Amino acid sequence: MRKILRGAFIFFILFQTSTFVLGSNASHISELKLKYPHGLVGDDFGVLTINDLALNACHIKPKPFVPGAFNPYEYWLCFESKSVVATCEDQDFTNEDGHVGRVVVDAQDSEFSYHFIESRPWSIRDCRSFAKTLKNLIQGTSYACISASYIDKEQKNEKGKNVRIGIFHRLKTKKGCEGQECKLTEKMKREYCPRLTQK
């Protein structure tokens, strides 16, 4: 009888905990989408804050996500960390900085593969260093969110998987954020978006 009661008690605690977690996650998503309804595509798995979405709305007026619309507005998309890979692609040419590479972040969910490319080339050394920084940021986390713009319509790759391509801006996990303008600073708010309130 004690075993049955103990089992029932453990089940009750687990059920209550999962209900609380699911409820708080739904509340979190509702808050994000209430203030910035177009800034997040899908779920953020608790990684993002209001300021992360506010940052993207600072320079460009938010618009609903339409793949292939060639929109400069940055959308957040989040993935299981195990499906996110950061690399430095050798561009096979040199400029005034020497040999050049480009940071690439690949990710996938149940529907699409994503190929995010940094907008500018880097010296190969800096490119490899930044790719390593992103890998360290992803390592040991459950979810990673990517802020990207100009997300293209899906096309099928050679394996028949739907692929979307976009411009990479920043990556955030529970460990932190790396990329272009990770923080909504007071200076940025004053200069570009004085109407946004920081929480």
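The model is predicted, so local features need pLDDT of at least 70 and side-chain atom pairs count only at pLDDT 80 or more, while totals for chains, interfaces and linings use all residues. Residues are numbered from 1 along each chain as its sequence is written, and side-chain values use heavy atoms, with hydrogens and water left out.

**Exercise 1. Work out how many disulfides there are, and which cysteines they join.**

Step 1: Start with the rule. A disulfide is a pair of cysteine sulfur atoms within 2.5 Å. That rule gives three disulfides.

Step 2: Take C78 and C145, joined with an S to S distance of 2.1 Å. The link has 110° about the S-S bond and is right-handed. It ties together distant parts of the chain: C78 sits in strand β2 (residues 75-80) and C145 in strand β7 (residues 143-149), 67 residues apart. Strands here are DSSP runs of E, at least two residues, and helices are runs of H or I, at least four, numbered from the N terminus.

Step 3: Next come C88 and C127, also joined, S to S 2.1 Å. This pair links distant parts of the chain too, with C88 in strand β3 (residues 85-95) and C127 in helix α3 (residues 124-138), 39 residues apart. The torsion about the S-S bond is about 125°, so this disulfide is right-handed.

Step 4: Finish with C177 and C182, S to S 2.1 Å. Here the value about the S-S bond is -70°, and the link is left-handed.

**Exercise 2. Find which residues touch the most other members of the largest nonpolar core.**

Step 1: A nonpolar core is a set of buried Ala, Val, Leu, Ile, Met, Phe, Trp, Tyr and Cys residues joined through side-chain atoms within 4.5 Å.

Step 2: The largest one has 42 residues, and the top members are L48, V84, V105, F116, I146 and L171. Elements that each supply at least two residues include α1 (2-35), α2 and β9 (162-173).

How values were computed: Buried means under 20% relative accessible area, exposed over 50%, partly exposed in between (1.4 Å probe, protein chains only).
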